[in-house]
Amino acid sequence: MVSKFKMTKARRRVNKVTMWLARRGWGQQVVLTTTGRISGSPHRIPVSPLDIKGVGYLVGPYGEVDWVRNVRANSKVNLRQGRNSRDVTLLEVPAARRGDLLFRYWTDQKITRPYFDVPAKPTRADFDSDASAHPVFKIIT
């Protein structure tokens, strides 16, 4: 059974700690700043970028959550890790081309595995059927 993502107080605390670490350049995560699609205010969330041969991607392991909707409304975002901050554009990867990327992400990010509808020992092909549930964005600099 696939877990459904729910933002809880505990997750908010973990996100704050993770963002604190990312702002100091510790760990693999970066702080993604989007513009709120309704409020227009900046919204920050920690994300784990996927790098494949020098090309960066952001995966939405929890499906269509707020940061994904914000990016779809305004693809200009900021990524920050430590002192490095860069404004980038995110381009959504079509679902038909996400399978390989999702497989790599699933392999690298063990904490998000319960949110993928794949067998315990999936093959690359198992991610094709689950691709539409997980948005993927290519980082364009």
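**Chat about aromatic pairs, a core and a pocket**

Me: How many aromatic pairs does the structure hold?

Reply: There are six aromatic pairs in the structure. Rings of Phe, Tyr and Trp (its six-membered ring) pair if their centres lie within 6.5 Å, and planes under 30 degrees apart count as stacked, over 60 as edge-to-face and the rest as tilted. Before we go on, this is a predicted model, where local features need pLDDT of at least 70 and side-chain atom pairs count only at pLDDT 80 or more, while totals for chains, interfaces and linings use all residues. Residues are numbered from 1 along each chain as its sequence is written, and side-chain values use heavy atoms, with hydrogens and water left out.

Me: Great. Why is the pair of tryptophan 67 and phenylalanine 137 called tilted?

Reply: The planes of the tryptophan 67 and phenylalanine 137 rings stand at 55°, with the ring centres 5.9 Å apart, so the pair counts as tilted.

Me: And which parts of the chain does the pair link?

Reply: Distant ones: tryptophan 67 belongs to helix H2 (residues 66-73) and phenylalanine 137 to strand S7 (residues 136-140), 70 residues apart. Helices (H or I, at least four residues) and strands (E, at least two) are DSSP runs, numbered from the N terminus.

Me: Are tryptophan 67 and phenylalanine 137 buried or exposed?

Reply: Both tryptophan 67 and phenylalanine 137 are buried. Buried means under 20% relative accessible area, exposed over 50% and partly exposed in between (1.4 Å probe, protein chains only).

Me: What about phenylalanine 116 and phenylalanine 127, what kind of aromatic pair do they form?

Reply: Phenylalanine 116 and phenylalanine 127 make an edge-to-face pair, 6.1 Å centre to centre with 65° between the planes. Phenylalanine 116 lies in the loop between helix H3 (99-108) and helix H4 (126-130), and phenylalanine 127 in helix H4, 11 residues apart. Phenylalanine 116 has a relative accessible area of 4%, so it is buried, and phenylalanine 127 is buried too, at 0%.

Me: Which residues form one aromatic cluster?

Reply: Phe103, Tyr105, Trp106, Phe116 and Phe127 do. The ring of tryptophan 106 also has the charged end of arginine 113 sitting over it, 3.9 Å from the ring centre. A charge sits over a ring if NZ of Lys or CZ of Arg is within 6 Å of the ring centre and within 35 degrees of the ring normal.

Me: Let's switch to the core. Which residues have the most contacts inside the largest nonpolar core?

Reply: Leu32, Val47, Leu58, Trp67, Leu79 and Leu90, in a core of 15 residues. A nonpolar core is a set of buried Ala, Val, Leu, Ile, Met, Phe, Trp, Tyr and Cys residues joined through side-chain atoms within 4.5 Å. In soluble globular proteins, nonpolar side chains tend to be buried together.

Me: Which elements give two or more residues to this core?

Reply: Strand S1 (30-35), strand S2 (42-47), H2, S5, S6 and S7. The largest share, three residues, comes from H2.

Me: I'm curious about leucine 79. What is its place?

Reply: Leucine 79 is in strand S5. With 6% relative accessibility, leucine 79 counts as buried.

Me: What volume does the second largest pocket have?

Reply: About 200 Å³. Of its 15 lining residues, the closest to the pocket centre are Val30, Pro49, Leu79, Arg86 and Ile139. On a 1 Å grid over the protein atoms alone, a pocket is an open set of points where a 1.4 Å probe fits, with protein on both sides within 12 Å along at least five of seven lines, and lining residues have an atom within 4 Å of a point. Grid points are joined across faces, edges and corners, and a volume is the space filled by probe spheres set on the points.

Me: Which elements give two or more residues to the lining of the second largest pocket?

Reply: Strand S3 (50-52), strand S4 (55-59), strand S5 (76-81) and strand S6 (84-92). The lining divides into six nonpolar, six polar and three charged residues. Here Ala, Val, Leu, Ile, Met, Phe, Trp, Tyr, Cys and Pro count as nonpolar, Asp, Glu, Lys and Arg as charged, and the others, Gly among them, as polar.

Me: Last one: where is lysine 53 found?

Reply: Lysine 53 is in the loop between S3 and S4. Its phi is near 55°, a positive value in a residue other than glycine. Lysine 53 is exposed, with a relative accessible area of 83%.
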